[in-house]
Each structure stands twice: as structure tokens, then as C-alpha cells.
Amino acid sequence: MAKLWSPAAFRVLLTICCVPQIMLHSHVSAEEYYIRQPPRSVIQTPNKRSESDPQQVHISLAGKDYIRVSWITDDKEAESVVEYGKLPGRYNTMATGEHTSYQFFFYKSGKIHHVKIGPLEPATTYYYRCGGRGPEFSFKMPPASFPIEFAIVGRFVTVFFGDLGQTEWTNSTLEHVGSKDYDVLLLPGDLSYADFQQPLWDSFGRLVEPYASSRPWMVTEGNHEIESIPIILPHAFKAYNARWLMPYEESGSSSNLYYSFDVAGAHIIMLGSYTDFDEDSAQYKWLKADLAKIDRKKTPWIFVLLHAPWYNTNTAHQGEGESMRNSMEELLYNARVDVVFAGHVHAYERFTRIYDNKADPCGPIYITIGDGGNREGLALEFKEPKSPLSMFQESSFGHARLKILDETRAHWSWYRNNDSDAVIADEVRLESLSTSKQCWGITDGQESSSSSSSSSVTKDEL
């Protein structure tokens, strides 16, 4: 694997050829008593394995009952095969996949392997080995029904965090995430913060491998994944698309920058903030068709992830998601999307249910969680006076968990990184819009009573 370019050479290169990259009960926060920790240094994770051994192993969901295993080898002759089974060291099934590589100026990537395995049984642990050699890994498939947990993290639990990077705070966040079980991890963009220094992608892959090899990591791109230079390097997302292959083809998308997937009774949509999104775009047309396919009786929950927030009262990155919101917000509103998660802003903020800049009981809850541990530090200032739409805001590193209990109930909790401890600073009970008679009773041409000033929503009514 190539070594890091010297800082001096890299600065010269950028100077010459680069331009700037064109229900609800809130837990009472103790923020006023919390001394915010400063940014920490970038950490680089070296490769301690042989050229033929797999490194940077991570897995992702790849259609119903399938997992995609991805890894990198320095050995260009290494095979793209995965052996797997239900018992340690006993692999009774083998799958063969594909491989790719890429060059970025003087950097040449290793051999990047992607192998799809399955069909697999839900809620079952599998043991696997990549390329016929190296260490054994294991993962647990998500359950087929509620409860489930996301780690954002469920009985549907998922872990969420955005703008992860690879600093000492990143390591702290990952340790907190890994300290409790979850089913799927969601990350709304800004993974490695490589920013043209390609060996940092390798370092990031090694840093997250203990976590990303044992639970599916589902990601979407952020601005730090763009890595394009006009004329000289016009094709963006080269490293991201090669390394983090998501199930876009399985969801009918034509681009790895936006896709969707189902897990248990939830439909998760990953949108691209940095590819075309107007009404004539492929992404818009795909999103419209994807939403139309959802049967809310079978899939009562819909969540959307994107990078640049549509609603944001932090002074950082103001208005950067506005064009996308103007194009797509109505689609999400009409589909009764439950929650929209974003990153980009290096802070945490949770809004009430909103549509078109007004409180609306039929709109999504908007949550910004761009606080995974990036090297740039926190966005400390929020606009004054505080917007009545913003229910909770804090500038701290952390992560969150979304536990889906059943078809109607879920629990969201945001954990602040308090040095060695993860402390719940915000939590809220959620109810799915799929069962809201009020929201589904609205027909085209009718004015929603929820849009009137007399029915604005308070935080205790969500």
C-alpha cells in the first residue's frame, strides 16, 4: 500500500492544481454544567498483516437475506472469495465476487474485493474468512421482525453518527458504539476525512474494521468524499465508490450515491446531497419511484439519511441543503417519512415534525447528527433567538441509537461523549406516521389542517 505523501509535496500539488470544493419527552440536558472537550489529534492505523491477508474488512446489507463483504489486499493475486458457516472455523459455503482498484495521482490502491454472500438466516451469527486466508471474522444478521436496533444504533436498534473522521474522538465514539449491541450502523456521510490523501482511506478502513466487520455499515457520501479537481480530476467520489459499495443496484438505483434497503419493518433511504437532485434528475425520479413501492402495512417505518441538513439553526453551513429541500421535501412529506437524519454540521440538533418551515404533525422529524469525531472540531454557535422548531441542540461529539420496538413505537437516544463515558443527553419516544389517521386522511387538493397556525405542534404532542 502506498505511503502518505509528504505534507510539503501535497501542499504544492494542491496549490498548483486544486480549487476549493465547488409523544415526545426530552431528557433534560446538563449542557450548562458540561465542559466541552477540545478536538483531538488525527490517528493513523498501520497495516500489521501480510500483503495477502485481508485488511479493512467491512460488511453491508446487499438485498434481502444477503450481505456484501468488502476488503483490501496489497497482493494483486489474492482471490475474491469468502468462505462462511455458522460455526467457528467450519466453512461449509463459499462465494466468489468481484474486485477493482483505482489510481489517484501517485497513489495506487490495493486490490479491493467485494463478495456477496447468502441467502442468510435472520438473527443468526456467521463466521467467515476472506480470500482463503487470514483471521476469522464474524457477524450477526439483523432480525426479520421487530424489535431491532440501529446505531445512528434497535429492538429495531440502529447506531447513528455522522462526520466520523479518524481522530482520538472517533476512537472514543467507536468504543462507545461497540460497548452495546446493535443490528445496523447508519452513517450520513463524511467517513474518513481523507480529502485527497488516499492512504488515509486505508487507515480509516483499518480503524473501523473491528466494528464494520461484525455489523452491517450503511453509509452515504458527504462533501469530504467528493475529492475532485476541475479539469485535472473531474470524476468525483472515486475512492468512496470503489471502497464502499452499497446496494444501489439491488434497490433500482443507477448510482452508488443514493439507494435504499429494508431491514425488519423499516425502509431506509440514503440520498446524495452532492449529485443532481432536481425534478429532472435521475435521483429525483428514482426517489419518487422508490417511495411509491412502499407498503406501509408491511413496512410501517421510513427513515431518510442525507448529508447536508435541510433544517439547521447552527450558524455553520447555513442554507447548504436548501436547494435539495425545495426539490424533494414534498416527496418525503407526501410519503409520510418518519425521520430525516443529516450530518455535515458538527453538532447535534433535533427538530419537531416539520413541513415547509412550519411545524406539521404529518411531516418528518429532522435530526442533525454530524458529531462522530471529525478532525475539524465542533460547530459551537447556534442562531439566536432559538427557533421554536428546534427542540434540542448541543455542540458535542457523540452517537445515537434508534430502537424500533414494534410497528408503531420507537425510542431515540443521543449519547454525548463525556471523555471515557457516553452519557444520554437527549432522548425521545417516536410514533410511526403509518398509523396516523389524521395524516393519511389528507387528499390532494385539500388544505392540511396541520398547516394552519391554530394547529402548530408542541414538543409534547409528537
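Arg49 is partly exposed, because its relative accessible area is 30%. This is a predicted model. Which residue forms a salt bridge with Arg49? The partner is Glu209, and the closest N and O atoms are 2.6 Å apart. Glu209 counts as buried, with a relative accessibility of 7%.

Side chains of opposite charge can pair when their charged atoms come close. In this model the count is 17 salt bridges. Three of them are set out here, among the 17.

| Salt bridge | Closest N and O atoms |
|---|---|
| Arg49 and Glu209 | 2.6 Å |
| Glu83 and Arg129 | 3.0 Å |
| Arg325 and Glu322 | 2.6 Å |

Now take Glu83 and Arg129, which form a salt bridge. Glu83 lies in strand S3 (residues 81-85), and Arg129 lies in strand S9 (residues 125-130), so the pair ties together parts that are 46 residues apart in sequence. Glu83 is buried, at 18% relative accessible area. The cut-off for buried is under 20%. Arg129 has 24% relative accessibility, so this residue counts as partly exposed.

Is Arg325 buried or exposed? Arg325 counts as buried, with 4% relative accessibility. Glu322 is partly exposed, at 29%.

Technical notes: Residues numbered from 1 in each chain as written. Predicted model: local features only at pLDDT ≥ 70, side-chain atom pairs only at ≥ 80, totals over all residues. Heavy atoms only, no water. Salt bridge = Lys/Arg side-chain N within 4 Å of Asp/Glu carboxyl O. Buried < 20%, exposed > 50% of the residue type's maximum accessible area, 1.4 Å probe, protein only. Helix = DSSP H or I, 4+ residues; strand = E, 2+ residues; numbered from the N terminus.
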